Amino acid sequence: MESIYYVLCWACHRRCDHCYEDRFRPYVRDALEAVVREAEENAPRIIAHLPDSMLYRDLGDVDEAGAPRVKMGRIILAGGDVLVDPVRERVLYPTLRRLRARYAATGGVRLVVQTTGDLVTEPILRELLDAGMDHLSVSGLDDFHVGMQGGRKETLKDSLTALFEGLGMIAGSAAVGDGRPSFGFFGATPESWIGKIWPRGRAWQNGLSTATLADNFCGQWSGGIGFLRQGWAGAEVAVEPDGRVYPCCMKTRKAIGNLLDEPLAEILDSLAGHPAFESISAGRPERMGLAAGWSIDRYLEACETTTPTGQPYRNLCIGCDRFHEEVLGPVIDRIAEERRARRHLAAQPRE
């Protein structure tokens with residue numbers, strides 16, 4: 001895989017209005033212990049079911065002989081905020097070390113930690129580097145995050161840059177590196193990744209999404225596009241703390257499998273060639289129902305809804321949700337049962 005977006009834990013120190021997932025929020029006492037324990041107990045099982053290698057080939061970059069170059073994929077460890085205590089000590093550091101060890105003999109992996117930035121200190125940064133982090137991605141420098149309004153985000157960016165560079169880190173991309181640890185900044189702005197805002201979570205409940213049919217989130221990075229292209233550039237999936245796997249970060253209505261029970265490679269292999277999932281992987285969700293009797297016009301009709309704030313709304317993600325509810329949900333269950341049956345048969349002793 002080129003990329004796996006692994007949400008380690010639901011705990012966060014903020015409850016932002018624009019967030020795509022309501023479970024990202026502050027937890028206290030027993031509730032905090034519950035989400036941390038879930039993440040702590042599930043991480044080893046999830047990691048055991050990740051691909052054996054995180055190397056991939058890039059058809060867009062060929063060598064002198066015309067062959068696609070082999071590159072190192074990345075695993076992004078995100079939340080919530082993974083630097084929240086006790087997530088950092090009990091889940092993040094052990095996961096970094098476990099991932100580093102898992103891929104040491106198969107070409108390696110680039111480990112990215114994503115955080116809002118305001119929890120970073122020099123001792124924590126040193127611990128992250130010691131645990132095997134390759135890149136720190138600071139994602140909270142925007143006016144949507146509480147405490148970052150006005151000039152505060154620039155002040156934080158300047159202080160963090162000085163800290164990073166003081167420890168030998170270089171500015172760079174989460175996707176590539178020259179062997180030195182790197183860092184980068186981004187934030188939720190209309191011109192950047194947040195765009196028109198995904199119709200999900202608190203953002204949806206608060207009526208913040210302004211996306212239309214022209215905004216195809218599926219066809220963008222972190223959408224479903226390329227998710228079936230195992231071993232090739234462009235492939236990314238999203239994983240939740242309970243092991244559920246999705247083709248995109250904003251999440252389809254139903255997970256395609258669960259890494260607590262089965263390998264990611266088997267899940268993706270079982271979906272390859274299915275018209276609906278191939279349409280998602282092509283970034284063309286409006287075509288996912290053609291083989292099931294849903295014309296494109298019918299799909300577009302299913303994209304119509306009313307927001308929780310009472311406004312008319314149309315987006316391809318809404319049609320995807322309804323197609324999953326009406327058609328694809330049982331298909332996912334059937335394919336999952338077929339995988340279980342194959343594993344059970346393979347586990348039987350041979351005479």
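The model is predicted, so local features are reported only at pLDDT of at least 70 and side-chain atom pairs only at pLDDT 80 or more, while totals for chains, interfaces and linings use all residues. Numbering starts from 1 along each chain as its sequence is written, and side-chain values use heavy atoms, with hydrogens and water left out.

**Cavities and a pocket**

On a 1 Å grid over the protein atoms alone, a cavity is a set of points where a 1.4 Å probe fits but cannot get out; a pocket is an open set with protein on both sides within 12 Å along at least five of seven lines; lining residues have an atom within 4 Å of a point. Points are joined across faces, edges and corners, and a volume is the space filled by probe spheres set on them. In the class counts, Ala, Val, Leu, Ile, Met, Phe, Trp, Tyr, Cys and Pro are nonpolar, Asp, Glu, Lys and Arg charged, and the others, Gly among them, polar.

There are two cavities of 30 Å³ or more.

| Space | Volume | Lining by class |
|---|---|---|
| Largest cavity | about 140 Å³ | ten nonpolar, four polar, two charged |
| Second largest cavity | about 80 Å³ | nine nonpolar, no polar, three charged |
| Second largest pocket | about 450 Å³ | six nonpolar, four polar, twelve charged |

The second largest pocket, of about 450 Å³, is lined by 22 residues, with Pro199, Arg200, Gly201, Arg253 and Asp321 closest to its centre. Helix 5 (201-205), strand 10 (244-246) and helix 9 each give two or more residues to that lining; helices (H or I, at least four residues) and strands (E, at least two) are DSSP runs numbered from the N terminus.

Helix 9 also contributes three residues to the lining of the largest cavity, the largest share. Of the 16 residues lining that cavity, Cys218, Cys248, Met250, Cys317 and Cys320 lie nearest its centre. Residues lining the second largest cavity include Trp10, Phe24, Tyr246 and Lys251. Strand 1 (3-7) and strand 9 (236-239) each supply at least two residues there.

**Helix 9**

Helix 9 spans residues 316-347 and bends by about 60° at leucine 328, with proline 330 following within four residues. The bend is the angle between axes fitted to the seven residues ending at a residue and the seven starting there. At the start of this helix, a side-chain oxygen of asparagine 315 comes to within 3.0 Å of the backbone nitrogen of cysteine 317.

**Cysteines**

The whole structure holds zero disulfides, a disulfide being a pair of cysteine sulfur atoms within 2.5 Å. Cysteine 12 has its nearest cysteine sulfur, in cysteine 16, 6.4 Å away. Cysteine 12 is buried at 11% relative accessibility, and cysteine 16 is buried at 7%; buried means under 20% relative accessible area, exposed over 50% and partly exposed in between (1.4 Å probe, protein chains only).

**Backbone geometry**

Most residues other than glycine have a negative phi, and most peptide bonds are trans. The loop between strand 4 (74-78) and helix 2 (87-102) contains valine 82, glycine 80 and proline 86. A cis peptide bond joins glycine 79 to glycine 80, with omega about 25°, and another cis bond runs from aspartate 85 to proline 86, with omega near 15°. Valine 82 is buried at 1%.

Serine 222, in the loop between helix 5 and strand 9, has a positive phi near 80° and is buried at 17%. Lysine 251 lies in the loop between strand 10 and strand 11 (257-258); phi of lysine 251 is near 80°, and lysine 251 is buried at 11%.

Conventions. A polar contact is a pair of N or O atoms within 3.5 Å; within protein, one must be able to donate a hydrogen and the other to accept it, and residues adjacent in sequence count only if both atoms are side-chain atoms.
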